[in-house]
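Please read each point with the sequence and the structure side by side.

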Amino acid sequence: SWPRHPLILGGGAGAFNPEPLAEFFDLFLVGDGEEAVGEIISVCRGWKDRRGEAGVYKPQLLSELAAAVDGLYAPALYREEKDSQGRPAGLTPVSAGVPRRVEKQVLQDLDLSRVERPLVPVTEIVHDRGVVEIMRGCRRGCRFCQAGWTGRPVREKSPAAAGEQARFLAEDCGYEEVSLLSLSSGDYRGIEGLLGTLSPVLARRSAHLALPSLNVATVSPAMLEELARMKKSGITLAPEAGSLRLQRAIGKDLDPDRLWEIGQRLRRLGWRLLKLYFMIGLPTETDRDVSELAGLINRMSGWGGKLNVTISNFVPRPGTPFQWEGMADPGVITARKTIIRQEVNSRKVQLKFRPVELSRLEGAIARGDRRLGGVIRKAWELGCRFDGWSESFQPEKWEAAFAAQGVAIDDYLRPAGGFSDPLPWDHIGTGVPREVLVREARKARAG
(Lines give C-alpha, C1' and ligand atoms only; values in the text may rest on other atoms or scores of the structure.)
Protein backbone atom coordinates (compact mmCIF):
# COMPACT_ATOMS: atom_id res chain seq x y z
CA SER A 1 0.00 0.00 0.00
CA TRP A 2 1.07 3.61 -0.41
CA PRO A 3 1.95 4.33 3.24
CA ARG A 4 4.15 1.23 3.64
CA HIS A 5 5.90 1.21 0.28
CA PRO A 6 9.50 2.51 0.53
CA LEU A 7 10.65 5.69 -1.18
CA ILE A 8 12.75 5.00 -4.27
CA LEU A 9 15.29 7.83 -4.59
CA GLY A 10 17.80 8.35 -7.44
CA GLY A 11 20.56 10.83 -8.13
CA GLY A 12 23.94 11.31 -9.77
CA ALA A 13 24.64 12.29 -13.36
CA GLY A 14 21.51 10.53 -14.63
CA ALA A 15 19.31 12.87 -12.61
CA PHE A 16 20.03 15.68 -15.08
CA ASN A 17 17.67 13.81 -17.42
CA PRO A 18 15.63 11.45 -15.25
CA GLU A 19 12.73 10.98 -17.68
CA PRO A 20 13.66 7.50 -19.05
CA LEU A 21 13.54 6.18 -15.46
CA ALA A 22 10.62 8.32 -14.27
CA GLU A 23 8.17 5.44 -13.84
CA PHE A 24 10.58 3.50 -11.59
CA PHE A 25 11.49 6.24 -9.09
CA ASP A 26 9.54 8.33 -6.59
CA LEU A 27 12.18 11.04 -6.40
CA PHE A 28 15.38 12.22 -8.02
CA LEU A 29 17.85 14.47 -6.24
CA VAL A 30 19.47 16.84 -8.72
CA GLY A 31 22.91 18.06 -7.69
CA ASP A 32 24.82 17.53 -4.44
CA GLY A 33 23.39 15.26 -1.78
CA GLU A 34 25.43 15.84 1.38
CA GLU A 35 23.07 18.42 2.90
CA ALA A 36 19.93 17.28 1.08
CA VAL A 37 19.96 13.88 2.79
CA GLY A 38 19.41 15.48 6.19
CA GLU A 39 16.61 17.66 4.82
CA ILE A 40 14.87 14.65 3.26
CA ILE A 41 15.10 12.67 6.50
CA SER A 42 13.66 15.59 8.47
CA VAL A 43 10.59 15.85 6.22
CA CYS A 44 10.07 12.07 6.25
CA ARG A 45 10.33 11.95 10.04
CA GLY A 46 7.61 14.62 10.36
CA TRP A 47 5.43 12.74 7.90
CA LYS A 48 5.80 9.49 9.84
CA ASP A 49 4.73 11.28 13.02
CA ARG A 50 1.47 12.27 11.26
CA ARG A 51 0.71 8.94 9.61
CA GLY A 52 -2.19 8.34 11.97
CA GLU A 53 -4.05 11.30 10.48
CA ALA A 54 -6.72 10.41 7.97
CA GLY A 55 -5.71 10.78 4.32
CA VAL A 56 -1.95 11.28 4.83
CA TYR A 57 -0.52 9.06 2.12
CA LYS A 58 2.59 8.78 0.02
CA PRO A 59 1.54 11.22 -2.76
CA GLN A 60 1.24 13.93 -0.12
CA LEU A 61 4.70 13.07 1.21
CA LEU A 62 6.09 13.48 -2.29
CA SER A 63 4.47 16.91 -2.56
CA GLU A 64 5.90 17.94 0.81
CA LEU A 65 9.38 16.79 -0.14
CA ALA A 66 9.36 18.42 -3.59
CA ALA A 67 8.21 21.73 -2.10
CA ALA A 68 10.60 21.71 0.88
CA VAL A 69 13.92 20.37 -0.48
CA ASP A 70 15.84 22.14 -3.24
CA GLY A 71 16.81 19.82 -6.08
CA LEU A 72 14.12 17.17 -5.46
CA TYR A 73 12.10 16.13 -8.50
CA ALA A 74 9.05 13.87 -8.13
CA PRO A 75 8.02 12.62 -11.62
CA ALA A 76 4.52 11.62 -10.49
CA LEU A 77 3.76 15.28 -9.70
CA TYR A 78 4.29 16.34 -13.33
CA ARG A 79 2.14 15.75 -16.40
CA GLU A 80 3.83 15.20 -19.74
CA GLU A 81 2.50 17.53 -22.45
CA LYS A 82 2.31 16.58 -26.14
CA ASP A 83 2.58 18.65 -29.29
CA SER A 84 0.22 18.43 -32.27
CA GLN A 85 2.11 15.40 -33.58
CA GLY A 86 2.02 13.53 -30.27
CA ARG A 87 5.65 14.20 -29.35
CA PRO A 88 6.70 15.20 -25.81
CA ALA A 89 6.61 18.99 -25.40
CA GLY A 90 7.44 19.62 -21.76
CA LEU A 91 6.12 18.90 -18.27
CA THR A 92 3.50 20.69 -16.16
CA PRO A 93 3.25 20.40 -12.33
CA VAL A 94 -0.04 18.87 -11.16
CA SER A 95 0.39 19.73 -7.47
CA ALA A 96 0.42 23.14 -5.78
CA GLY A 97 3.78 24.29 -4.45
CA VAL A 98 5.77 22.05 -6.77
CA PRO A 99 8.34 24.03 -8.80
CA ARG A 100 7.96 24.18 -12.57
CA ARG A 101 11.75 23.98 -12.90
CA VAL A 102 13.83 21.98 -10.42
CA GLU A 103 17.13 23.72 -9.69
CA LYS A 104 20.02 21.57 -8.52
CA GLN A 105 21.23 21.64 -4.93
CA VAL A 106 24.80 22.91 -4.41
CA LEU A 107 27.16 22.10 -1.53
CA GLN A 108 29.16 25.30 -1.06
CA ASP A 109 31.80 24.03 1.40
CA LEU A 110 33.53 20.92 0.05
CA ASP A 111 35.28 20.36 3.39
CA LEU A 112 31.90 19.08 4.60
CA SER A 113 32.01 16.25 2.07
CA ARG A 114 33.79 13.37 3.78
CA VAL A 115 33.07 9.97 5.28
CA GLU A 116 34.24 9.93 8.90
CA ARG A 117 34.48 6.14 9.23
CA PRO A 118 34.35 4.47 5.79
CA LEU A 119 33.54 0.80 5.41
CA VAL A 120 36.68 -1.21 4.66
CA PRO A 121 36.09 -4.22 2.37
CA VAL A 122 37.24 -7.62 3.59
CA THR A 123 37.90 -8.90 0.07
CA GLU A 124 39.68 -7.55 -3.00
CA ILE A 125 37.51 -5.14 -4.94
CA VAL A 126 37.86 -3.56 -8.39
CA HIS A 127 38.69 -0.04 -7.21
CA ASP A 128 40.64 -1.08 -4.11
CA ARG A 129 41.79 2.35 -2.98
CA GLY A 130 40.89 5.17 -0.67
CA VAL A 131 39.42 8.21 -2.41
CA VAL A 132 39.70 11.88 -1.45
CA GLU A 133 37.65 14.31 -3.54
CA ILE A 134 39.77 17.47 -3.74
CA MET A 135 37.66 19.52 -6.15
CA ARG A 136 34.13 19.53 -7.55
CA GLY A 137 33.41 21.11 -10.91
CA CYS A 138 35.96 22.10 -13.54
CA ARG A 139 37.42 25.32 -14.91
CA ARG A 140 38.08 23.93 -18.39
CA GLY A 141 34.66 24.14 -20.06
CA CYS A 142 35.12 21.24 -22.51
CA ARG A 143 31.91 21.35 -24.54
CA PHE A 144 31.23 17.59 -24.43
CA CYS A 145 31.71 17.13 -20.66
CA GLN A 146 28.51 16.83 -18.65
CA ALA A 147 30.25 16.68 -15.27
CA GLY A 148 32.18 19.86 -16.03
CA TRP A 149 29.07 21.87 -16.82
CA THR A 150 26.60 20.41 -14.33
CA GLY A 151 29.23 20.45 -11.53
CA ARG A 152 29.60 24.22 -11.55
CA PRO A 153 30.56 26.30 -9.65
CA VAL A 154 34.09 25.04 -8.99
CA ARG A 155 34.68 24.27 -5.31
CA GLU A 156 37.94 23.08 -3.75
CA LYS A 157 38.55 21.13 -0.57
CA SER A 158 41.12 22.83 1.62
CA PRO A 159 44.62 21.24 1.54
CA ALA A 160 44.40 20.68 5.30
CA ALA A 161 41.12 18.73 5.04
CA ALA A 162 42.29 16.78 1.98
CA GLY A 163 45.61 15.88 3.62
CA GLU A 164 43.97 14.73 6.86
CA GLN A 165 41.47 12.59 4.97
CA ALA A 166 44.24 10.96 2.90
CA ARG A 167 46.30 10.28 6.05
CA PHE A 168 43.29 8.64 7.73
CA LEU A 169 42.64 6.38 4.73
CA ALA A 170 46.25 5.16 4.69
CA GLU A 171 46.98 4.90 8.43
CA ASP A 172 43.60 3.96 9.92
CA CYS A 173 41.97 2.08 7.03
CA GLY A 174 45.11 0.43 5.63
CA TYR A 175 44.68 1.40 1.99
CA GLU A 176 47.82 0.90 -0.07
CA GLU A 177 46.66 3.46 -2.62
CA VAL A 178 44.95 6.81 -2.16
CA SER A 179 43.43 8.61 -5.14
CA LEU A 180 42.94 12.39 -5.30
CA LEU A 181 39.68 12.68 -7.18
CA SER A 182 38.49 15.54 -9.35
CA LEU A 183 37.67 16.25 -12.98
CA SER A 184 41.04 17.95 -13.51
CA SER A 185 43.37 17.49 -10.55
CA GLY A 186 46.07 19.63 -12.16
CA ASP A 187 43.73 22.63 -11.84
CA TYR A 188 43.52 22.25 -8.05
CA ARG A 189 45.32 25.36 -6.85
CA GLY A 190 47.34 23.63 -4.14
CA ILE A 191 48.08 20.40 -5.99
CA GLU A 192 51.89 20.56 -5.86
CA GLY A 193 51.96 21.48 -2.17
CA LEU A 194 49.41 18.78 -1.36
CA LEU A 195 51.45 16.15 -3.19
CA GLY A 196 54.57 17.27 -1.33
CA THR A 197 52.78 17.02 2.02
CA LEU A 198 51.29 13.59 1.31
CA SER A 199 54.46 11.97 -0.07
CA PRO A 200 56.18 11.28 3.31
CA VAL A 201 52.87 10.48 5.05
CA LEU A 202 51.94 7.77 2.54
CA ALA A 203 55.51 6.51 2.19
CA ARG A 204 55.57 5.62 5.89
CA ARG A 205 52.65 3.27 5.23
CA SER A 206 54.14 1.90 1.97
CA ALA A 207 51.15 3.49 0.27
CA HIS A 208 51.19 5.39 -2.98
CA LEU A 209 49.20 8.18 -4.56
CA ALA A 210 47.10 8.04 -7.71
CA LEU A 211 45.50 10.73 -9.84
CA PRO A 212 42.63 10.18 -12.28
CA SER A 213 42.99 11.19 -15.90
CA LEU A 214 44.85 14.48 -16.26
CA ASN A 215 44.45 17.39 -18.64
CA VAL A 216 47.69 17.65 -20.61
CA ALA A 217 47.78 21.43 -20.16
CA THR A 218 47.86 21.16 -16.35
CA VAL A 219 50.65 18.61 -15.90
CA SER A 220 53.68 20.36 -14.44
CA PRO A 221 57.22 19.01 -13.96
CA ALA A 222 56.89 19.51 -10.19
CA MET A 223 53.70 17.42 -10.13
CA LEU A 224 55.41 14.55 -11.94
CA GLU A 225 58.46 14.79 -9.66
CA GLU A 226 56.26 14.38 -6.60
CA LEU A 227 54.31 11.48 -8.12
CA ALA A 228 57.60 9.80 -9.04
CA ARG A 229 58.46 9.45 -5.34
CA MET A 230 55.69 6.89 -4.98
CA LYS A 231 54.80 3.60 -6.61
CA LYS A 232 54.58 4.08 -10.37
CA SER A 233 51.34 2.61 -11.62
CA GLY A 234 50.11 3.74 -15.04
CA ILE A 235 49.36 7.40 -15.60
CA THR A 236 46.38 8.52 -17.70
CA LEU A 237 46.08 11.57 -19.95
CA ALA A 238 42.96 12.58 -21.87
CA PRO A 239 43.68 14.51 -25.09
CA GLU A 240 40.19 13.49 -26.42
CA ALA A 241 40.93 14.57 -30.03
CA GLY A 242 44.01 14.40 -32.22
CA SER A 243 43.81 17.50 -34.43
CA LEU A 244 44.22 21.10 -33.29
CA ARG A 245 41.12 22.13 -35.27
CA LEU A 246 38.90 19.60 -33.50
CA GLN A 247 40.51 20.39 -30.16
CA ARG A 248 39.38 24.00 -30.56
CA ALA A 249 35.87 22.93 -31.57
CA ILE A 250 35.36 20.82 -28.44
CA GLY A 251 36.99 23.33 -26.09
CA LYS A 252 40.27 21.52 -25.37
CA ASP A 253 43.77 22.90 -25.74
CA LEU A 254 46.36 20.28 -26.64
CA ASP A 255 49.89 20.96 -27.75
CA PRO A 256 51.22 17.71 -29.31
CA ASP A 257 54.78 18.76 -28.46
CA ARG A 258 53.72 19.25 -24.84
CA LEU A 259 52.21 15.73 -24.79
CA TRP A 260 55.48 14.31 -26.15
CA GLU A 261 57.52 16.20 -23.55
CA ILE A 262 55.34 14.78 -20.74
CA GLY A 263 55.87 11.26 -22.12
CA GLN A 264 59.64 11.76 -22.16
CA ARG A 265 59.69 13.09 -18.61
CA LEU A 266 57.56 10.16 -17.43
CA ARG A 267 60.04 7.73 -19.01
CA ARG A 268 62.99 9.41 -17.30
CA LEU A 269 61.17 9.27 -13.95
CA GLY A 270 60.60 5.53 -14.26
CA TRP A 271 57.09 5.10 -15.65
CA ARG A 272 56.55 2.21 -18.04
CA LEU A 273 52.82 2.55 -18.84
CA LEU A 274 51.00 5.52 -20.35
CA LYS A 275 47.25 5.54 -21.03
CA LEU A 276 45.58 7.93 -23.47
CA TYR A 277 41.85 8.56 -23.90
CA PHE A 278 40.32 9.77 -27.19
CA MET A 279 36.84 10.09 -28.70
CA ILE A 280 35.57 9.69 -32.24
CA GLY A 281 32.27 10.86 -33.69
CA LEU A 282 32.66 14.34 -32.18
CA PRO A 283 30.67 17.23 -33.70
CA THR A 284 32.36 18.67 -36.84
CA GLU A 285 34.82 15.73 -36.98
CA THR A 286 36.19 14.72 -40.39
CA ASP A 287 38.25 11.81 -41.67
CA ARG A 288 41.24 14.15 -41.73
CA ASP A 289 40.84 14.78 -37.99
CA VAL A 290 40.82 11.00 -37.41
CA SER A 291 43.98 10.56 -39.50
CA GLU A 292 45.68 13.22 -37.37
CA LEU A 293 44.58 11.30 -34.28
CA ALA A 294 46.22 8.16 -35.65
CA GLY A 295 49.36 10.18 -36.38
CA LEU A 296 49.47 11.45 -32.80
CA ILE A 297 49.15 7.88 -31.50
CA ASN A 298 52.00 6.79 -33.78
CA ARG A 299 54.19 9.57 -32.48
CA MET A 300 53.41 8.79 -28.84
CA SER A 301 54.15 5.08 -29.40
CA GLY A 302 57.82 6.05 -29.19
CA TRP A 303 57.57 7.64 -25.75
CA GLY A 304 59.64 4.82 -24.23
CA GLY A 305 57.15 2.44 -22.65
CA LYS A 306 53.84 0.68 -23.17
CA LEU A 307 51.00 2.75 -24.63
CA ASN A 308 47.34 1.84 -24.00
CA VAL A 309 44.85 3.85 -26.05
CA THR A 310 41.11 3.79 -25.31
CA ILE A 311 38.82 5.28 -27.96
CA SER A 312 35.20 5.86 -27.08
CA ASN A 313 32.30 7.15 -29.15
CA PHE A 314 30.95 10.65 -28.57
CA VAL A 315 27.58 10.68 -26.78
CA PRO A 316 25.78 14.06 -26.48
CA ARG A 317 24.83 14.75 -22.86
CA PRO A 318 22.14 16.92 -21.27
CA GLY A 319 23.32 20.16 -19.74
CA THR A 320 26.25 20.65 -22.12
CA PRO A 321 26.75 22.86 -25.19
CA PHE A 322 26.57 19.68 -27.26
CA GLN A 323 23.14 18.65 -25.92
CA TRP A 324 21.56 19.66 -29.25
CA GLU A 325 23.99 17.56 -31.32
CA GLY A 326 23.29 14.09 -32.66
CA MET A 327 25.39 10.93 -32.64
CA ALA A 328 27.43 9.88 -35.62
CA ASP A 329 25.92 7.11 -37.74
CA PRO A 330 27.24 3.59 -36.92
CA GLY A 331 28.67 3.32 -40.43
CA VAL A 332 30.65 6.52 -39.89
CA ILE A 333 32.00 5.27 -36.56
CA THR A 334 32.99 1.94 -38.10
CA ALA A 335 34.78 3.68 -40.97
CA ARG A 336 36.74 5.88 -38.57
CA LYS A 337 37.75 2.92 -36.45
CA THR A 338 39.06 1.35 -39.65
CA ILE A 339 41.14 4.46 -40.39
CA ILE A 340 42.75 4.26 -36.95
CA ARG A 341 43.43 0.51 -37.18
CA GLN A 342 44.98 0.88 -40.61
CA GLU A 343 47.08 3.97 -39.84
CA VAL A 344 48.34 3.11 -36.33
CA ASN A 345 51.40 1.05 -37.23
CA SER A 346 53.21 0.42 -33.95
CA ARG A 347 53.12 -2.88 -32.08
CA LYS A 348 53.75 -0.98 -28.84
CA VAL A 349 50.18 0.37 -28.94
CA GLN A 350 47.22 -1.49 -27.47
CA LEU A 351 44.00 -0.11 -28.98
CA LYS A 352 40.65 -0.53 -27.25
CA PHE A 353 37.39 0.65 -28.82
CA ARG A 354 34.01 1.17 -27.16
CA PRO A 355 31.28 -0.92 -28.90
CA VAL A 356 29.18 1.41 -31.05
CA GLU A 357 25.84 -0.26 -30.22
CA LEU A 358 26.50 0.18 -26.50
CA SER A 359 27.22 3.88 -27.09
CA ARG A 360 23.98 4.24 -29.06
CA LEU A 361 22.02 2.82 -26.15
CA GLU A 362 23.82 5.22 -23.81
CA GLY A 363 22.87 8.07 -26.12
CA ALA A 364 19.21 7.11 -26.24
CA ILE A 365 18.93 6.83 -22.46
CA ALA A 366 20.91 10.04 -21.93
CA ARG A 367 18.59 12.00 -24.25
CA GLY A 368 15.36 10.06 -23.81
CA ASP A 369 11.87 10.88 -22.58
CA ARG A 370 9.29 8.88 -20.62
CA ARG A 371 8.56 6.57 -23.55
CA LEU A 372 11.85 4.81 -22.78
CA GLY A 373 10.47 3.54 -19.48
CA GLY A 374 8.51 0.84 -21.33
CA VAL A 375 11.58 -0.05 -23.38
CA ILE A 376 13.72 -0.46 -20.27
CA ARG A 377 11.06 -2.60 -18.57
CA LYS A 378 10.71 -4.80 -21.65
CA ALA A 379 14.50 -5.21 -21.97
CA TRP A 380 14.61 -6.31 -18.35
CA GLU A 381 11.81 -8.82 -18.98
CA LEU A 382 13.82 -10.18 -21.92
CA GLY A 383 16.81 -10.80 -19.65
CA CYS A 384 19.03 -7.74 -20.04
CA ARG A 385 21.33 -7.38 -17.04
CA PHE A 386 24.62 -5.55 -16.32
CA ASP A 387 24.62 -3.96 -19.77
CA GLY A 388 27.44 -1.56 -18.86
CA TRP A 389 29.84 -4.48 -19.28
CA SER A 390 30.32 -5.21 -22.97
CA GLU A 391 30.49 -8.96 -22.34
CA SER A 392 26.98 -8.83 -20.82
CA PHE A 393 25.48 -6.45 -23.39
CA GLN A 394 22.84 -8.12 -25.60
CA PRO A 395 21.98 -5.64 -28.38
CA GLU A 396 19.49 -7.95 -30.06
CA LYS A 397 17.33 -7.98 -26.92
CA TRP A 398 17.39 -4.19 -26.73
CA GLU A 399 16.39 -4.03 -30.40
CA ALA A 400 13.47 -6.33 -29.61
CA ALA A 401 12.48 -4.16 -26.64
CA PHE A 402 12.43 -0.98 -28.76
CA ALA A 403 10.40 -2.75 -31.45
CA ALA A 404 7.91 -4.16 -28.94
CA GLN A 405 7.21 -0.67 -27.59
CA GLY A 406 7.01 0.93 -31.03
CA VAL A 407 9.92 3.27 -30.23
CA ALA A 408 12.77 4.02 -32.66
CA ILE A 409 16.19 4.44 -31.07
CA ASP A 410 17.26 6.78 -33.89
CA ASP A 411 14.63 9.31 -32.75
CA TYR A 412 16.85 10.03 -29.73
CA LEU A 413 20.15 10.14 -31.61
CA ARG A 414 19.32 12.83 -34.18
CA PRO A 415 20.33 16.48 -33.73
CA ALA A 416 17.71 18.80 -32.29
CA GLY A 417 15.87 20.89 -34.86
CA GLY A 418 17.04 24.14 -33.27
CA PHE A 419 18.17 25.73 -30.02
CA SER A 420 14.59 26.67 -29.13
CA ASP A 421 13.16 23.15 -29.54
CA PRO A 422 11.94 21.58 -26.27
CA LEU A 423 14.23 18.96 -24.71
CA PRO A 424 13.09 16.22 -22.30
CA TRP A 425 15.25 17.70 -19.51
CA ASP A 426 14.28 21.37 -19.84
CA HIS A 427 12.62 21.26 -16.40
CA ILE A 428 15.93 20.39 -14.71
CA GLY A 429 18.14 23.36 -13.80
CA THR A 430 21.92 22.93 -13.81
CA GLY A 431 22.79 26.48 -12.77
CA VAL A 432 24.14 27.33 -16.25
CA PRO A 433 21.85 29.61 -18.30
CA ARG A 434 20.61 28.22 -21.61
CA GLU A 435 22.04 31.20 -23.49
CA VAL A 436 25.54 30.30 -22.28
CA LEU A 437 25.20 26.78 -23.67
CA VAL A 438 23.85 28.14 -26.97
CA ARG A 439 26.77 30.55 -27.23
CA GLU A 440 29.29 27.75 -26.69
CA ALA A 441 27.50 25.49 -29.18
CA ARG A 442 27.73 28.21 -31.84
CA LYS A 443 31.42 28.70 -31.09
CA ALA A 444 31.97 24.97 -31.64
CA ARG A 445 30.21 25.01 -34.99
CA ALA A 446 32.31 28.01 -36.02
CA GLY A 447 35.50 26.17 -35.08
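1. Helices H6 and H8 cross each other in a right-handed sense; please keep in mind here, and in every point below, that the model is predicted. The axes of H6 (residues 221-228) and H8 (residues 256-268) come within 10 Å and cross at roughly 25°. Since angles under 35 degrees count as roughly parallel, this crossing makes H6 roughly parallel to H8.

2. Which residues make the contact between H6 and H8? On the H6 side they are Pro221, Leu224 and Glu225, and on the H8 side they are Ile262, Arg265 and Leu266. Sorted by class, this contact of H6 with H8 contains four nonpolar and two charged residues, with no polar ones.

3. From H5, the residues Ile191, Glu192, Leu195, Gly196 and Ser199 meet Ala222, Met223, Glu226 and Leu227 of H6. By class, the contact of H5 with H6 has five nonpolar, two polar and two charged residues.

4. The next point concerns a sheet. Three strands, in the order E7-E10-E11, form an open sheet with parallel pairing. Strand E7 (130-133) and strand E11 (208-210) stand at the edges with a single partner strand each, so one side of each is left without a neighbour in the sheet. On average, and with direction ignored, neighbouring strands of this sheet are turned by 25° against each other.

5. How many bridges join strand E10 (residues 177-181) to E11? There are three, and the two strands run parallel; Glu177 stands opposite His208 in E11. Helix H5 packs on the sheet, where it touches E10 and E11, and the direction of H5 makes about 170° with that of E10.

6. Finally, consider helix H12 (residues 372-381), in which Leu372, Gly373, Gly374, Val375, Ile376 and Ala379 are buried. What covers these buried residues of H12 includes helix H11 (356-367) and helix H13 (395-404). After H12 comes Gly383, whose phi is positive, near 110°.

Notes: Residues are numbered from 1 along each chain as its sequence is written. This is a predicted model: local features need pLDDT of at least 70, side-chain atom pairs count only at pLDDT 80 or more; totals for chains, interfaces and linings use all residues. Side-chain values use heavy atoms; hydrogens and water are left out. Axes are lines fitted to C-alpha atoms, for helices over the stretch in contact, and angles run from 0 to 180 degrees between N-to-C directions. Helices (H or I, at least four residues) and strands (E, at least two) are DSSP runs, numbered from the N terminus. Angles under 35 degrees count as roughly parallel, over 145 as roughly antiparallel, 65 to 115 as roughly perpendicular and the rest as oblique. A crossing is left-handed if the near helix is turned anticlockwise from the far one by less than a right angle, and right-handed if clockwise. Contact means heavy atoms within 4.5 Å. Ala, Val, Leu, Ile, Met, Phe, Trp, Tyr, Cys and Pro count as nonpolar, Asp, Glu, Lys and Arg as charged, and the others, Gly among them, as polar. Buried means under 20% relative accessible area, exposed over 50%, partly exposed in between (1.4 Å probe, protein chains only). Two strands pair if DSSP finds at least two bridges between them.
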